[in-house]
Amino acid sequence: MKLIVGLGNPGDKYNNNRSNIGFKILDVIANNIGLEIKTKKKKSLIGRGDFEGDEVVLLKPQTFSDLSGESVLYIASFLKIQVKDIVLIHEDLDLELGQIVVTKGGESVGHPGVDSVSVSLRSPNFIRIRIGVRNSQYNPKKREEFLRDDFEPLENLSLIQIINDAEAAIRSISMGDIDEVIQKYHL
């Protein structure tokens with residue numbers, strides 16, 4: 001069983017924020033496999049079903065992105081899912097809009113949500129799908145403000161392809177060797 005976690009913030013006002021790309025990707029995956037992410041469990045919304053022949057749990061933490069570790073730990077422990085079978089999808093300001101990088105373990109690159117998950121699980125050895133959300137307007141001094149901004153209208157058109165590419169990366173993880181997937185999705 002795999003646990004696929006999308007980072008984001010609960011509430012309608014955050015729906016199209018850059019920091020909610022993890023939620024957006026999970027929603028599309030759920031829709032494509034006929035699954036609903038609506039079961040409430042310990043500060044989480046989850047959906048369970050079949051994805052590429054594997055049983056999966058799709059998880060949207062409802063604790064806000066920076067505190068996601070609490071939800072991830074609870075669901076992983078409750079369902080006895082090992083750290084190596086957790087896939088975390090999150091926005092990354094080190095990557096340009098549309099870039100996708102798959103990594104396993106390693107540093108969080110300063111993402112508080114990734115840090116929260118690493119600390120809660122007592123291990124950074126989960127798979128990460130880093131989704132680039134940076135554009136030319138990004139100012140490092142206004143990082144939080146930028147992440148709370150909605151995607152611009154033209155960027156929304158690009159999101160369709162970005163989400164499809166992220167879903168393809170997740171399918172590759174389910175079907176193949178993680179080292180091959182990391183080689184395919186790197187900078």
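Contact, in this talk, means heavy atoms within 4.5 Å. Good morning, everyone. The model we are looking at is predicted: local features need pLDDT of at least 70, side-chain atom pairs count only at pLDDT 80 or more, and totals for chains, interfaces and linings use all residues. Residues are numbered from 1 along each chain as its sequence is written, and side-chain values use heavy atoms, with hydrogens and water left out.

Let me begin with the sheet. Helices (H or I, at least four residues) and strands (E, at least two) are DSSP runs, numbered from the N terminus. Two strands pair if DSSP finds at least two bridges between them. Here seven strands make an open sheet with mixed pairing, in the order S2-S3-S4-S1-S5-S7-S6. Strand S2 (39–40) and strand S6 (100–104) are the edges; each has a single partner strand, so one side of each lacks a neighbour in the sheet.

How is S7 joined to S5 and to S6? Strand S5 (residues 86–96) runs parallel to strand S7 (residues 127–134), with seven bridges between them. S6 and S7, by contrast, run antiparallel and are joined by five bridges. Arg128 in S7 stands opposite Leu88, and Thr103 also stands opposite Arg128.

One term is needed before we go on: buried means under 20% relative accessible area, exposed means over 50%, and partly exposed lies in between (1.4 Å probe, protein chains only). Although S6 is an edge strand, four of its five residues are buried, so S6 is largely enclosed by the rest of the structure.

Now the helices. Helix H1 (residues 21–32) lies across strand S1 (2–6), strand S3 (44–51), strand S4 (54–61), S5 and S7, and runs at about 145° to S4. That angle is taken between N-to-C directions, on a scale from 0 to 180 degrees, with axes as lines fitted to C-alpha atoms, for helices over the stretch in contact.

In helix H3 (residues 112–121), the buried residues are Gly113, Val114, Ser116, Val117, Ser118 and Leu121. What covers them? The cover includes H2, S5 and S7. After H3 comes Arg122, with a positive phi near 60°.

Let us turn to the aromatic rings. Rings of Phe, Tyr and Trp (its six-membered ring) pair if their centres lie within 6.5 Å; planes under 30 degrees apart count as stacked, over 60 as edge-to-face and the rest as tilted. The structure holds three such pairs. In one of them, the ring centres of Tyr14 and Phe64 are 5.8 Å apart and the planes stand at 90°, so this pair is edge-to-face. The two residues are 50 apart in the chain and link distant parts of it: Tyr14 is in the loop between S1 and H1, and Phe64 in the loop between S4 and helix H2 (69–78). Tyr14 is buried, at 16% relative accessibility, whereas Phe64 is partly exposed, at 39%.

Another pair, Tyr74 and Phe78, is stacked, with 5.9 Å from centre to centre and 10° between the planes. Both residues lie in helix H2, four residues apart, about one turn of the helix. Why might such spacing matter for direction? An α-helix has 3.6 residues a turn, so residues three or four places apart point the same way.

Finally, consider Asp149, in the loop between helix H4 (143–148) and helix H5 (153–175). Leaving aside neighbours within four places in sequence, Asp149 is in contact with Asn16, Asn17 and Arg18. Thank you.
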